[in-house]
Amino acid sequence: MKKLFLSNLIFLVLINLLVKPFYIFVIEVGVQNEVGPTEYGVFFSLFNLCYLFQIINDLGINNYNNISVAKDEKFLSQNISKILGLKIVLSIIFFSIICLVAICINYPEEYYPLLYLIAINQILVSFILYFRTNVSGLGYYKWDSVVSILDKFILIILLSYLLWFYSSSIESFNIAWFIYAQMVSLIITLLVVVILLISKVKPTSFSFIPSFDTSLLKNSLPFALVILIMSAYSRIDGVMLERMLVDGKQEAGIYAASYRILDALNIIGFLFAGLLLPMFSKLVASGEDTKPTLVLSFKLLIAISISVALYCNFFGNQLMLTLYPDQPIDYYSLILKFLTWGFLGIATTHIFGTLLTASHSLKKMNIVFALGLLINVLLNWYFIPMHKAIAAAATTMATEIFVAVGLVSIVLSEFKYRIELKPIISLIIYGVVLYGFYYSVSNLLASEWYIGLILGIIVSFVVSLLLNIIDIRELKTILTDR
């Protein structure tokens, strides 16, 4: 299973590196620079509001389906029509609740057209993710990887035209174009993943005609609570910034600028989690040991997290100046530093939370997430009026680290695992070496952030090989085995 994880992870990371960084750092940044932090801040707040309630579109069905299909392929044919019918009803409820909440928190009338479009896009995302859980659950990991970048690939084409050709010759770019482009890319991706599923499974073995059956909710609801609380404490800060401050639109836009880097990092975290969930599910179902895969994935993701956090700590100013040349860079980069250090907690949560999800150990995990949400809201409520976006970033870091420590404790208790000192010592030495490297390079190449990035990737890889964070023998076996 370690070999299967590594081989698919290499493919998954490579294909995502070809598309998603360009989308985030060129296309999304281009959109924000074109419309300005205030207009983009409105979009960011509305998107976060929809994201907070996205669980209503799902209610844990996607995770439950992924685990169930991975354990028994017959689950797909027996339940797909029931799940489709249920998701249609949930989508209607989701849209209605979004509208009701927007009225309750007194959004201006001009927000509503954008809010409706964003809500529809979130419904499309939910259906895409459901069909993808069937693809990955059946073991077609590489095809799932291809689908995972398809919407961003289409967006790159559409938004490149709108940003640099259409808007410059016809009229100025506006945020609605961004949302419409997302909608087109999501519709195309949904059609592709449905066609892919039909091609991999005999279409006569299941029906796409929706039926309605609420019995599935009994098994999926525990997963829903996990996702609900995670979504709340990771996205509520953008909504609170926009609503609590007089200049909330601008502060939300500033926060979004740095949060975009965290979103980029989260792509890697979600790739790990998406790949690990069906694998952990198979291991748990067969009674095999999950520890080797757990330790391997943890070492790899934490090593990436440490390197990125240290890079942003020393090159954050230069990076943000390149991305947002007309903005107050010191303010932007301080937010970035808090968020990227918080990613160490997020990375740990992706690995250990996925194992607990696969083993259905959800009760204690939900308690930790609920405490994390409480801490997040209270800290944001107290500090945002004084410190604005910086408070939201620091609060995110504190919350993510608290949750990570809680999940590690649960896994050690539930699975009776002992803490292994060797990988921890290796990661500490790795961090110390990289700190010295980035400190030295930042003094020598003060403004050459891109050279520092390239050298950082090379040095991180070499040091991880020397410390056996990446096992060269396993890597060689994977690359040479046919």
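A salt bridge here means a side-chain nitrogen of Lys or Arg within 4 Å of a carboxyl oxygen of Asp or Glu. Keep that in mind. This is a predicted model.

Take Lys-152 and Asp-151. They form a salt bridge, with the closest N and O atoms 3.1 Å apart. Lys-152 is partly exposed, because its relative accessibility is 22%. Asp-151 is buried, at 13%.

How many salt bridges does a search of the whole structure find? It finds 6. One of them joins Arg-260 to Glu-28, with 2.8 Å between the closest N and O atoms. Arg-260 sits in helix α9 and Glu-28 in helix α1, so this pair ties together parts 232 residues apart in sequence. Both residues are buried. Another salt bridge links the side chains of Lys-364 and Glu-414, at 3.2 Å from N to O. Lys-364 is partly exposed, at 43% relative accessibility. Glu-414 is partly exposed too, at 35%.

Now the core. The largest nonpolar core holds 152 residues. Phe-131, Leu-159 and Tyr-255 are among those with the most contacts inside it. Helix α9, residues 248–286, gives the most to this core: 18 residues.

Next, Ile-424. Where does Ile-424 lie? It lies in helix α13, residues 421–444. At 36% relative accessibility, Ile-424 counts as partly exposed. It belongs to a nonpolar surface patch that includes Ile-419, Leu-421 and Val-433. Together, the patch residues have about 730 Å² of accessible area.

Ile-424 also lines the second largest pocket, and is among the residues nearest its centre, as are Phe-298 and Thr-348. That pocket has 24 lining residues and about 640 Å³ of space. Helices α10, α11, α12 and α13 each supply at least two residues of its lining.

Note on methods:
Residues numbered from 1 in each chain as written. Predicted model: local features only at pLDDT ≥ 70, side-chain atom pairs only at ≥ 80, totals over all residues. Heavy atoms only, no water. Core = buried A, V, L, I, M, F, W, Y, C linked by side-chain atoms within 4.5 Å. Buried < 20%, exposed > 50% of the residue type's maximum accessible area, 1.4 Å probe, protein only. Helix = DSSP H or I, 4+ residues; strand = E, 2+ residues; numbered from the N terminus. Patch = residues over 30% accessible without salt bridge, like charges linked within 9 Å, V, L, I, M, F, W, Y side chains within 5 Å. Areas by Shrake-Rupley, 256 points an atom, 1.4 Å probe, with all protein chains shown as cover. 1 Å grid on protein atoms, 1.4 Å probe; cavity = no way out; pocket = protein on both sides within 12 Å on 5 of 7 lines; lining within 4 Å. Points joined across faces, edges and corners; volume = space filled by probe spheres on them.
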